[in-house]
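Please examine the sequence and the model before reading each solution.

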Amino acid sequence: MGAEWEIADAWVFAAVFGSGPDDGATLARIIGAADGINHAILTEDEFVRAVPRLVAAGLIGADPAADRYWHTEAGRAIAERWHRRGLFAWAEVVPPALRGTGEPAGGNFTLPAGAFAAAVREYLSAG
């Protein structure tokens, strides 16, 4: 048996928004959205593990140098399904949708040094 999707993958997916680099979410906004839907702050490990898996599945785009993350067309289709059921239905809709894409693949993904901690500070100071 190969790799499996994790709940953190679904959580990161659910916290991403936008349709491209111009309106994509910043890391600080993703951290805030993740906290809003799951009442916890993502860890850097959860984020850097989920992003390449979601990118490889064709569900999100990522430009860490520009600090932007967004749903692709396929990702928006999944997001629309769970939004129709209510904001907190992500845990019911997104994990099965991820499993439906097959086994996760991915590669190495890193953020600039200190970027995650800075984004957490930005989110916490804005609240």
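**Exercise 1.** How many aromatic pairs does the structure hold?

*Solution.* The model is predicted, so local features need pLDDT of at least 70 and side-chain atom pairs count only at pLDDT 80 or more, while totals for chains, interfaces and linings use all residues. Residues are numbered from 1 along each chain as its sequence is written, and side-chain values use heavy atoms, with hydrogens and water left out. Rings of Phe, Tyr and Trp (its six-membered ring) pair if their centres lie within 6.5 Å; planes under 30 degrees apart count as stacked, over 60 as edge-to-face and the rest as tilted. The structure holds 3 such aromatic pairs.

**Exercise 2.** Classify the pair of F47 and Y69 and locate both residues.

*Solution.* Step 1: the ring centres of F47 and Y69 are 5.2 Å apart and the planes stand at 85 degrees, so the pair is edge-to-face. Step 2: F47 lies in helix 3 (residues 44-56) and Y69 in strand 2 (residues 68-71), 22 residues apart. Helices (H or I, at least four residues) and strands (E, at least two) are DSSP runs, numbered from the N terminus.

**Exercise 3.** Is F47 buried or exposed?

*Solution.* Buried means under 20% relative accessible area, exposed over 50%, and partly exposed in between (1.4 Å probe, protein chains only). F47 has 0% relative accessibility and therefore counts as buried. Y69, also at 0%, is buried.

**Exercise 4.** Classify the pair of F47 and F116.

*Solution.* The centres are 6.3 Å apart and the planes at 45 degrees, so the pair of F47 and F116 is tilted. F116 belongs to helix 6 (residues 115-126), 69 residues from F47. F47, Y69, F109 and F116 form one aromatic cluster.
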